[in-house]
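Please look at the sequence and the structure shown here before reading the report.

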Amino acid sequence: MSDAIVVINAGSSSIKFALYPAALDQPAGCIFRGQIDGLGANPRFSAWDAEGNALAARPMPPQADHALAVGEALDWLEDHDAGYTVIAAGHRVVHGGDRFSQPVRVNDGVLNDLDKLSSLAPLHQPHNIAGIRAVTEHRPRLAQVACFDTEFHQSQPAIARALPLPAALTAGGLKRYGFHGLSYEYIALKLPEIVGDLAGGRVVVAHLGNGASMCAMLAGKSVASTMGFTALDGLMMGTRSGAIDPGVLLHLLEEHGMSPADLSRLLYQESGLLGVSGLSHDMRTLLASPDPRAGFAIDLFVYRIARELGSLAAALGGLDALVFTAGIGEHAAPVRAAVCHASAWLGIRVDRRANDMHERVISEPDSGVRVLVVPTDEEAMIARHTLRNLTPA
């Protein structure tokens, strides 16, 4: 039997899991992937092998919660014997705050500290913690490691993380943290293999999915990012507003009588692509729709990306490469093309055929900026961190 790491990414209505070999000296290729989606409504269990072949697809009891779902995943991994023994679980945790600057073994004290950060990532943190507690319930002796989306951005200079607020407030931890760090760290790890020395230059990575952000990297380190104190800042997203004039929020509080709970629901769940289009948060649905509201929502999404790209290029003092990743970034060729067209002033020239074919490099040979599409793998990064946390230095 060989040792393996199970990676768990627990969301509000779904749990994704993946199994990786526990070997630092070989590429962390996934053995199995799976997910339980529809929690709270019509939960369904699915699993695939490394090549994407379906291994399981079945409904689960309607009452299935995070604890039952995690137990089902762990049981399936043990029953689907492939010669591996799970020795640890690695978890994606969105917010590490100032307390956690690197992956950490989970204990009661760590869990209590993570609970205190839930208000900073209300859509994610409570569910991440629920996943950890579910593993503890089903496999109390299994080592667990929390890996943080905020960690990668610790390299940003103080000026990039500062908020223009009174010092008495910022001293209490009010600053820009940045998110999607596990995705950016994976891209930074892979870029030298793809573009060689260019990876050490000025690179902007656009992580575009239902949650969306961008990161400016210099020599593979985070310099600036679009998300700030919470995962609500920056780009327009599937249901999140992204950056918005604080005066709008004051107006809604004072003139519309909205409560903080109302604002939270509006900004996190009712805005973004869904709110602007009035149709859907799913980019695939909007791209296929003839409704002009869908077209306007896409245009606004692209406009915000292009503006932030200019801002991040300014933070870098120029731009050598632009990388698209995550669901929209990897699969929505029209969105990539529109962003590149709007950013032609930076020297970007996209190859239409390469872009439509979703090739690795989608820029023209004479483009002043190399443009790439690189699939991300946050789970592989979590597996790597988990194993290193278990292995003595």
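## Basis of the model

This is a predicted model, in which local features need pLDDT of at least 70, side-chain atom pairs count only at pLDDT 80 or more, and totals for chains, interfaces and linings use all residues. Residues are numbered from 1 along each chain as its sequence is written, and side-chain values use heavy atoms, with hydrogens and water left out.

## The largest pocket

Rolling a probe the size of a water molecule over the atoms shows where empty space is left. The largest pocket holds about 1,800 Å³ of space. A pocket here is an open set of points on a 1 Å grid over the protein atoms alone, where a 1.4 Å probe fits, with protein on both sides within 12 Å along at least five of seven lines. Its volume is the space filled by probe spheres set on the points, which are joined across faces, edges and corners.

The largest pocket is lined by 48 residues, and Lys16, Gly209, Asn210, Gly211 and Gly327 are the closest to its centre. Lining residues have an atom within 4 Å of a point. Two or more lining residues come from each of β1 (2-10), β2 (14-21), β3 (32-37), α8 (260-269), α10 (283-288), α12 (326-331) and α15 (378-390). Of these elements, α12 gives the most, with 5 residues. Helices (H or I, at least four residues) and strands (E, at least two) are DSSP runs, numbered from the N terminus. By class, this lining has 16 nonpolar, 21 polar and 11 charged residues. Ala, Val, Leu, Ile, Met, Phe, Trp, Tyr, Cys and Pro count as nonpolar, Asp, Glu, Lys and Arg as charged, and the others, Gly among them, as polar.

## The second largest pocket

About 750 Å³ of space lies in the second largest pocket. Its lining has 21 residues, with Thr230, Leu232, Ile244, Pro246 and Leu249 nearest the centre. Both α7 (246-255) and α8 supply at least two lining residues, and the largest share, 5 residues, comes from α8. The lining divides into 15 nonpolar, 4 polar and 2 charged residues.

## Helices packed against α3

Two packed helices are described by the angle between their axes and the distance between the axes. Helix α2 (residues 108-116) packs on helix α3 (residues 125-138) at an angle of about 160°, with the axes 9 Å apart. Axes are lines fitted to C-alpha atoms, for helices over the stretch in contact, and angles run from 0 to 180 degrees between N-to-C directions. The two helices are therefore roughly antiparallel (angles over 145 degrees). In their contact (heavy atoms within 4.5 Å), Leu111, Leu114 and Asp115 of α2 meet Gln125, Ile129, Ile132 and Arg133 of α3. These residues comprise 4 nonpolar, 1 polar and 2 charged.

Helix α1 (residues 66-79) also packs on α3, at about 55° and with the axes 8 Å apart. That makes α1 oblique to α3 (the class left after under 35 for roughly parallel, over 145 for roughly antiparallel and 65 to 115 for roughly perpendicular). The contact of α1 with α3 has 7 nonpolar, 5 polar and 1 charged residues.

## The pair α11 and α13

The axes of helix α11 (residues 292-316) and helix α13 (residues 333-342) come within 9 Å and cross at roughly 45°, so this pair is oblique. Phe301, Val302, Ile305 and Ala306 in α11 meet Val335, Ala338, Val339 and Ala342 in α13. By class, the contact has 8 nonpolar, no polar and no charged residues.
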